[in-house]
Amino acid sequence: MERIKVVLAGQPNVGKSMLINALSGTTKGKVGNFSGVTVEKLEVCFTHHCHLIELIDLPGTYSLDAYSKEEMVAKEYLLNEEYDLILNVVDSTNLQRNLLLTLELLELNKKMIVALNFADEAKRDGVEIDIKQLQKLLGVRVVLISAKENRGIKELLDAIHYVAEHKREPNRITYSDVFEEEILKLEKFLNEKGFRYKDWSNREVAIALLFENEKVYKDLHDNPIMIELYPLIRDSLEHIYTHYETKDIKEIKASEHAAIARGIVLEVVKGAKEPKSLTLTQKIDSILLHKYLGIPIFLFFMWALFQLTFKFGNIPMEYIKEAIDGFSNIVGGYISNSEIRSLVVDGIIGGVGAVLLFLPNIIILYLGIALLETTGYMSRVAFLLDGFFHKFGLHGKSFIPLVTGFGCSVPAYMAARVLKSKTDRLITLFIIGFMSCGARLPIYVLFIGAFFPQEIAGNMLFLIYIFGAIVALVMAKFLRVFIFKSEDEPFVMEMPKYRLPSLRLLWHSVYSNAKEYLKKAGTFILAAAVLVWFASNYPKDKELDQTYLQKIETTKSEKRKKELEVELKRAQLENSYLGQIGKATAPFFAPLGFDWKLSVALISGLGAKEIVVSTLGVLYSVEESKSDLKEALRKNLTLPVAMSFIVFVIFYLPCFAASSMFTKEAGGVKYFIYLFLFTTAVAWIMSFLIFNLVKLFV
Amino acid sequence: MLLVDLKKGQRGIVKRIDANSELKQRLLSFGIVRGSEIEVVDYGINRSTIEVRVGNTLLALRYDEAKAIEVERIDGED
């Protein structure tokens, strides 16, 4: 079976993913993902014989002279990899700008097909494109499609088949008179010398030389013809420079392309000059980007998303929790060895289950983010907020992961993917943990309840959250200035037209994110859960167990039994590796006013922040979730210590699940070490300051 | 005059782009070249961002970066 390797190239928001969905919907497709390039292999059979069509989906790029990482991936692939043809996906409703990339692609001199997507929308817009004429001007096949409505897909496959089988037609684009004159001069010379380069025409070689195509110069470097060519090229460029009043060949190329694209559009686009959809977009923008209403509307959307994520997400959470409990009871019943049972039930099922609990939240959140992105609203948010966030070295879009962080850091780290620049993303990832997540709430509630009067409890809680957020912004600035010093990425961002997303695309996005999350839970988090379980359960002191068990058995009073059980737990925890670590690190925590118990509680919180409360309960020998713990804390701790503890909880390392997600999103263990050092330093310094400051007043 | 001297709704013809290569390249790839028409659609809060229209494309720029674009105002409007 013959294999046709097709590279999909196009600007962002031209519906490439939609097209892939439509193409793979007609056949059986397999998807694989690596380093920004999606490879999708699908088998397509034509009436007379079968072809294996391999689709390579490149990240959307506005131009091939680009800077961002994703755009580099596309450029590198197009220039250096082997493939049969380029499928250039184009937005019919914005032909002129899309043609800028098409023209660049044509200069690669590869087989190519142009797919005019959004044919349906163009029609509604009253835009009519003369396909035949466009085909003639570009010199490549043009197919009108609507990936959303599944139209033109068959014709497109036919065209792929046809083009792959036939010889490539030479580039036929007509440049400006100034340029054409120089092209002809060089072409004539190359013809006279009987020169050949690959399967290119000499006209194509001339164009590449004039546009200073690096690869062509490299290839021809050792060719004797260059001695004669250099003076010719220099003369030609001098003419061109004089005409354009600049020596920046990239700028000249862009001007040439812009002029050609304008010319083509004038010739092939009939009908409405002003597309209706654009007018509608501007109308919607006049509300959503309104000077005074814009921000409140955005905040409302965020609030709604937040509510949905953490309110509606909690409904199935109950059921999942019950299911997990039921499951661990059943499994536990089958295991007679108490240590293995503890490992499976408390360690594995408990640890992974805690992560699975968040699956509903993740799904809702991702649906929300996919909606924000595919409708085109996300860019508006960046537009609204960039002014404020840029002052702190962040990007407008950083807002989304940061707000998500108030719920749970795990989805927040994933949400940081909306940021395209690596520096913006890293800075955002580093400060997400300072947005206090839901799991830290019980700790705050406990400590506020113990040390502050009821009337100001709410305000104190609010203050804790605000304090975290302010320090996060300041730290973002710090990271931008001292650590990630890279040049500010310019903020030149398209505000795409508002579009209703297709359900298929939404489903695809939510499904793949949820799958990845589950995969994570099954691997890394599983290992982490086992580790934490081990550290808090071993080494076991058998004698201690025996003594206490005997005591418990001989005691008649139920109350005394409970007390003894808690005492046993405390003794065990104190003895465990976790307890030993806590004691070993006590000197480190001493300047903050923490004793070894608080140290152990903090370290146990690395498993999950909720654990801090239950550990405190065990260590202060009271049953958890009872007001006794507040009493015990009040008796044992002073106000400065309590406040210092709260501050440490705001800033120190996120829990295991979150940390492993951070490591993955940031791109390596190296970053986890940085995160550990960074958060520990911030937490320690802040706690130290608060501890000593409060001491002055108390 | 500069692009940012235009008021909301006014249009101009791009005369010059005075920017570092990365910013310039980005602008070029959106078809902002000498001679192209550009319209100021709106200014963001505190004028920290600016929304422009080039052809059928709406673009958001930072105010400081938009200062790199020199334009000549198209007369005969408002």
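**Figure 1. Packing of helix 31 against helix 33 in chain A of the predicted model.** Helix 31 (residues 639-651) of chain A and helix 33 (residues 669-697) of chain A pack with their axes 8 Å apart and at an angle of about 160°. The two helices, helix 31 and helix 33 of chain A, are therefore roughly antiparallel to each other, and helix 31 of chain A passes helix 33 of chain A in a crossing that is right-handed. On the side of helix 31 of chain A, the residues in contact are Leu639(A), Pro640(A), Met643(A), Ser644(A), Val647(A), Phe648(A) and Phe651(A), and the residues they meet in helix 33 of chain A include Val682(A), Met686(A), Ile690(A), Phe691(A) and Lys695(A). The residues of this contact between helix 31 and helix 33 of chain A divide into 12 nonpolar, three polar and one charged.

**Figure 2. Packing of helix 21 against helix 22 in chain A.** The axes of helix 21 (residues 441-451) and helix 22 (residues 454-483) of chain A lie 10 Å apart, and the angle at which these helices pack is about 135°. That angle makes helix 21 of chain A oblique to helix 22 of chain A, and the crossing of the two is right-handed. Tyr444(A), Ile448(A) and Gly449(A) in helix 21 of chain A meet residues of helix 22 of chain A, namely Ala457(A), Met460(A), Leu461(A) and Ile464(A). In this contact of helix 21 with helix 22 of chain A, six residues are nonpolar, one is polar and none is charged.

**Figure 3. The side of chain A that touches chain B.** The contact takes 31 residues from chain A and 28 residues from chain B. Within chain A, at least two residues of the side that touches chain B are supplied by each of helix 3 (95-106), helix 11 (249-268), helix 17 (377-390) and strand 10 (492-494), and helix 17 of chain A gives the most, with seven residues. The residues on the side of chain A that touches chain B divide into 17 nonpolar, seven polar and seven charged.

**Figure 4. Domains and secondary structure of chain A.** Chain A is divided into domain 1 (2-165), domain 2 (177-271), domain 3 (294-312 + 358-514) and domain 4 (523-539 + 576-697), and the centres of domain 2 and domain 3 of chain A, taken over C-alpha atoms, are separated by 48 Å. The secondary structure of chain A comes to 33 helices and 10 strands, and the C-alpha atoms of chain A fill a box of roughly 105 × 60 × 55 Å along the principal axes. Of the 698 residues in chain A, 41% are buried.

How values were computed:
Residues are numbered from 1 along each chain as its sequence is written. Chains are lettered from A and ligands numbered from 1 in the order in which they are written. This is a predicted model: local features need pLDDT of at least 70, side-chain atom pairs count only at pLDDT 80 or more; totals for chains, interfaces and linings use all residues. Domain bounds come from an automatic or database domain assignment. Helices (H or I, at least four residues) and strands (E, at least two) are DSSP runs, numbered from the N terminus. A residue is buried if 20 or more other C-beta atoms lie within 10 Å of its own, exposed if 12 or fewer, and partly exposed in between; C-beta atoms are placed from the backbone. Axes are lines fitted to C-alpha atoms, for helices over the stretch in contact, and angles run from 0 to 180 degrees between N-to-C directions. Angles under 35 degrees count as roughly parallel, over 145 as roughly antiparallel, 65 to 115 as roughly perpendicular and the rest as oblique. A crossing is left-handed if the near helix is turned anticlockwise from the far one by less than a right angle, and right-handed if clockwise. Two residues are in contact if their C-beta atoms, placed from the backbone, lie within 7 Å. Ala, Val, Leu, Ile, Met, Phe, Trp, Tyr, Cys and Pro count as nonpolar, Asp, Glu, Lys and Arg as charged, and the others, Gly among them, as polar.
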